Amino acid sequence: MSKVRHTLPIVAAAVVLTAGGIVVPGIFQSETANASAVSSNSAAVTDPAEGMEARNTARTPAALLQLLGERIQAKDIEGIIALHEKDAVLVNYDGSLVRGHAAIRAFYVDWFNLNPVLKVNPRQTVEAGGAAGSGNRMAAIMGDYTLEQNKPDGTRESFTGNFCDTVRQRANGKWMYVQDNPYPPHGGGAPVRRGTSAHH
């Protein structure tokens, strides 16, 4: 398997994702992290169309991270795609881009075959641009992560690294992914196998 396959999407605020469950340490107190605005919105909706829209709506960057984390844990690929702008990109290990819904969908199908366990620690979120709900507001979410996943021979390997993601708020207040970058070019940004130097 090429190094490109070691690319990962960055997800959820301080969560551990596994095929069997989701562990939410720190500021969240339950498996579903009831802090998500989306959960409260969907409970009050009775129209199925409105319910689907509420399910896909995050009103803060943190809520968007939480939604993505829940959908990765559930391996809900279509739900994941619904959180990305049509022209969104994922950054590969080699710097190439996975661009658009079809390519991102294929990426997740492939990545889930590696049985990944990902822990993400967001350290800083910076919002900038127009007024809230103007459609011009952006946010950068930065932090670090650890990842364990299968190698081609079935054994497990571990990585650590930094990330810097970009999300955008639409005019309706909904936040969406624009860029998912687990390999920013600052010091220490490339993933490192535990106990070894960075692999290039």
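Task: Classify tyrosine 108 as buried or exposed from its relative accessibility, then describe its ring pair with phenylalanine 107.

Solution. Tyrosine 108 has 0% relative accessibility and therefore counts as buried. The cut-offs are: buried under 20% relative accessible area, exposed over 50%, and partly exposed in between, with a 1.4 Å probe and protein chains only. This is a predicted model, in which local features need pLDDT of at least 70 and side-chain atom pairs count only at pLDDT 80 or more, while totals for chains, interfaces and linings use all residues. Residues are numbered from 1 along each chain as its sequence is written, and side-chain values use heavy atoms, with hydrogens and water left out.

Next, take the rings. A pair of aromatic rings is described by the distance of the centres and the angle of the planes. Here, rings of Phe, Tyr and Trp (its six-membered ring) pair if their centres lie within 6.5 Å; planes under 30 degrees apart are stacked, over 60 edge-to-face, and the rest tilted. The structure holds four aromatic pairs. In one of them, phenylalanine 107 and tyrosine 108 are 5.6 Å apart centre to centre with 90° between the planes, an edge-to-face pair. Phenylalanine 107 is at 12% relative accessibility, so it counts as buried. Finally, ring pairs join Phe107, Tyr108, Trp111 and Phe112 into a cluster.

**Helix H5**

Solution. Helices (H or I, at least four residues) and strands (E, at least two) are DSSP runs, numbered from the N terminus. The expected span of a helix is 1.5 Å times one less than its number of residues. The buried residues of H5 are Ile104, Phe107, Tyr108, Trp111 and Phe112. An α-helix has 3.6 residues a turn, so residues three or four places apart point the same way.

Solution. Start with the length: the 13 residues of H3 should span 18 Å, and its end C-alpha atoms are 19 Å apart, which agrees. Among the buried residues of H3 are Leu64, Leu65, Leu67, Leu68 and Ile72, together with Gln66 and Arg71. Glutamate 70 also lies in H3, but at 24% relative accessibility it counts as partly exposed.

A nonpolar core is a set of buried Ala, Val, Leu, Ile, Met, Phe, Trp, Tyr and Cys residues joined through side-chain atoms within 4.5 Å. The largest one has 33 residues, and those with the most contacts inside it are Tyr108 and Trp111.

**Strand E8**

Task: Find which strands pair with E8 (residues 175-180), and in what sense.

Solution. Two strands pair if DSSP finds at least two bridges between them. Strand E3 (residues 84-91) pairs with E8 in the parallel sense over three bridges; leucine 90 has aspartate 180 as its bridge partner in E8. Strand E7 (residues 156-169) runs antiparallel to E8 and is joined to it by four bridges, and arginine 168 stands opposite methionine 176 in E8. E7 and E8 form a hairpin with five residues between them, and glycine 173 in the turn has a positive phi of about 90°. As for burial, five of the six residues of E8 are buried.

**Positive phi and loops**

Task: Locate lysine 75 and asparagine 115, and give the phi of each.

Solution. Most residues other than glycine have a negative phi, and most peptide bonds are trans. Lysine 75 has a positive phi, near 55°, and lies in the loop between H3 and H4. Its relative accessible area is 40%, so lysine 75 is partly exposed. Asparagine 115 has a positive phi near 50° and lies in the loop between H5 and E5. At 31% relative accessible area, asparagine 115 is partly exposed. Leucine 114 lies in the loop between H5 and E5, but is buried, with a relative accessible area of 5%.
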